[in-house]
2 protein chains.
Amino acid sequence: MPQSLENYIELNKKAIVKELRQHLLQLQIPGRLKESMLYSIEAGGKRLRPILLTASFEAYDQDKQKIISTAAALEMIHTYSLIHDDLPAMDDDDFRRGKPTNHRVFDEATAILAGDALLTYSFQIISDDPLLTDRQKIFLIKLLSQASGPNGMVAGQMMDIEAENNAVSLERLEEIHALKTGELIKFAIIAGAFIGGATNKQLEFLDQFAYNLGLIFQVQDDILDVIGDQDKIGKPVGSDEGNNKSTYPKLLGTEGAIEQKQQYVKRAKAALWKAGAADSYLMGLTDLFSSRDR
Amino acid sequence: MPQSLENYIELNKKAIVKELRQHLLQLQIPGRLKESMLYSIEAGGKRLRPILLTASFEAYDQDKQKIISTAAALEMIHTYSLIHDDLPAMDDDDFRRGKPTNHRVFDEATAILAGDALLTYSFQIISDDPLLTDRQKIFLIKLLSQASGPNGMVAGQMMDIEAENNAVSLERLEEIHALKTGELIKFAIIAGAFIGGATNKQLEFLDQFAYNLGLIFQVQDDILDVIGDQDKIGKPVGSDEGNNKSTYPKLLGTEGAIEQKQQYVKRAKAALWKAGAADSYLMGLTDLFSSRDR
């Protein structure tokens with residue numbers, strides 16, 4: 001009998017955190033570097049990307065062990081991007097998820113190196129995975145490097161910095177988010193389904209699904225910054241206001257942003273049906289992404 | 001007829017710079033990010049790692065095209081490490097090879113992102129190489145991520161920072177250099193020979209060769225900091241003195257450091273003979289590494 005979405009998420013979170021710890025604890029490296037990597041990896045977080053990866057895999061295959069190392073690699077890439085984004089030269093954040101950021105606990109040099117190390121280690125983990133074929137590993141590495149490098153997440157971060165003191169259009173805003181957060185979400189969906197054995201046709205529809213899911217995620221982030229509960233979201237409400245950041249509510253009003261989100265939800269679910277994954281946990285995760293309060 | 005070592009190096013430098021430019025120019029990414037990546041890639045440098053990679057490949061195979069993308073990927077990893085090392089939070093260098101460092105020309109945020117982008121792109125380039133088999137690509141990615149990540153270069157950089165205000169033994173100094181510069185040199189030698197078709201036995205001797213070559217490189221760096229020509233080395237002579245950095249001349253005296261270097265040269269050449277690569281350009285490159293004045 002299928003378990004509830006809440007149970008599914010909880011069990012997956014535990015499995016991914018265990019896997020992450022194993023990969024980090026086995027490293028024979030300078031203590032300070034290891035502590036710094038572990039600190040940010042264990043600082044909590046929703047583990048959304050690895051959960052999406054696993055759910056997408058399970059829409060087509062059952063043997064979860066095949067995807068768990070890739071899930072750890074993906075979460076390491078996400079964590080590295082947070083560590084570097086928080087640096088004084090970037091967003092200059094002192095807190096993340098209610099805890100001091102990496103460079104506040106350690107120092108800037110260590111935080112830069114911990115990010116570099118997590119990024120590089122993620123590729124090592126995939127290339128070392130004994131459960132995947134060389135062809136599968138190369139598919140994953142190609143997709144992950146595209147999604148997270150100069151063609152993806154890093155480009156989005158650059159554009160986000162450049163947009164900070166400029167008015168940007170909704171189109172431009174979508175482009176930035178698609179790169180900055182959407183690309184890794186797309187990786188999670190496509191990589192999971194590919195390793196699970198989805199057909200090329202199914203992967204095409206999942207690509208549409210992932211695109212809309214990424215946008216849902218970002219709109220809800222922006223909405224929570226306006227009407228969210230500070231204790232739940234772990235940062236001051238209204239923090240986007242101060243820093244001249246472009247957001248959906250600023251461009252469309254809060255009501256308009258909510259309507260826009262509903263559009264994305266509709267498109268995401270339609271794509272999921274076409275991909276033959278409507279009875280997977282991805283359906284419930286879409287609603288959860290849309291309605292989350294943290 | 002074999003060409004002179006000088007010609008060989010010049011031709012290879014041109015080929016590698018051309019290859020690097022091609023990979024970067026084809027990126028459809030924010031202009032500032034691309035300029036920043038190109039700036040450091042084109043800021044000169046001896047291109048030692050890609051030249052070693054090519055020479056090691058050519059000790060066993062002729063078709064250089066097979067190794068040129070990997071050479072570009074390797075130089076990108078080296079360049080990323082320089083960009084991050086130069087940051088104010090790390091070594092805080094304003095100049096590199098006589099030119100302003102990346103964060104001085106652009107800004108810290110852009111320099112961090114350019115480094116992240118070069119690191120990630122290098123794995124994309126290898127995974128996309130149409131001339132290599134999936135098995136070869138995975139061998140390269142595994143070795144390169146080990147050499148440059150938390151098990152390799154990044155660990156060395158962390159230890160180097162921690163050693164800055166402490167007295168360290170010769171043993172510890174060798175360990176730091178083996179990680180910080182030796183690992184990428186080892187990658188160049190092993191990866192080139194592997195793709196060129198060297199046997200496992202030959203790879204074992206090349207491992208010894210690479211280890212000693214890395215140390216030669218570092219001792220000479222330290223020696224040049226004491227007795228070198230400022231105009232040639234591109235940074236003030238005696239700069240290691242001021243920052244409490246552990247160096248060979250400080251531990252052994254200048255004469256002692258030169259003797260130590262001769263030991264390493266002897267060991268390197270013996271290993272090269274055993275690997276069946278004594279008639280390759282690696283032999284001449286060993287002497288060049290040992291006697292270089294810049």
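Between chain A and chain B, the count is two salt bridges. This is a predicted model. One of the bridges joins the side chains of B:Lys142 and A:Asp128, at 3.5 Å from N to O.

**The contact between the chains**

The contact draws 44 residues from chain A and 44 residues from chain B. About 3800 Å² is buried between the two chains. Carbon and sulfur atoms give 74% of that area.

**How the copies are related**

Two copies of a chain are related by a rotation about an axis and a shift along it. Here the rotation is 180 degrees and the shift along the axis is 0.0 Å. Chain A then superposes on chain B with an RMSD of 0.0 Å. That is the relation of a two-fold axis. Both copies use the same surface: 100% of the contact residues of chain A recur in chain B. Which residue of chain A comes closest to the rotation axis? A:Asp134 does, with its C-alpha at 2.9 Å.

**Salt bridges**

Over all chains, the structure holds 26 salt bridges.

| Salt bridge | Distance |
|---|---|
| B:Lys142 and A:Asp128 | 3.5 Å |
| A:Arg47 and A:Glu75 | 3.0 Å |

The bridge of A:Arg47 with A:Glu75 links distant parts of the chain. A:Arg47 lies in the loop between helix H2 (31–41) and helix H3 (48–58) of chain A. A:Glu75 lies in helix H4 (residues 65–86) of chain A.

**A pair of helices in chain A**

Two packed helices are described by the angle between their axes and the distance between the axes. Helix H7 (residues 134–148) of chain A packs with helix H9 (residues 170–196) of chain A at an angle of about 170 degrees. Their axes are 9 Å apart.

Several residues of each helix take part. From H7(A) come A:Phe139, A:Leu140, A:Leu143 and A:Leu144, among others. They meet residues of H9(A) including A:Leu184, A:Phe187, A:Ile190 and A:Phe194. The residues of this contact of H7(A) with H9(A) divide into 11 nonpolar, two polar and two charged.

Key. Residues are numbered from 1 along each chain as its sequence is written. Chains are lettered from A and ligands numbered from 1 in the order in which they are written. This is a predicted model: local features need pLDDT of at least 70, side-chain atom pairs count only at pLDDT 80 or more; totals for chains, interfaces and linings use all residues. Side-chain values use heavy atoms; hydrogens and water are left out. Axes are lines fitted to C-alpha atoms, for helices over the stretch in contact, and angles run from 0 to 180 degrees between N-to-C directions. Helices (H or I, at least four residues) and strands (E, at least two) are DSSP runs, numbered from the N terminus. Contact means heavy atoms within 4.5 Å. Ala, Val, Leu, Ile, Met, Phe, Trp, Tyr, Cys and Pro count as nonpolar, Asp, Glu, Lys and Arg as charged, and the others, Gly among them, as polar. Copies are superposed by least squares on the C-alpha atoms of residues with pLDDT of at least 70 in both. Buried area is the accessible area (1.4 Å probe) that two parts lose on being put together, summed over both. A salt bridge is a side-chain nitrogen of Lys or Arg within 4 Å of a carboxyl oxygen of Asp or Glu.
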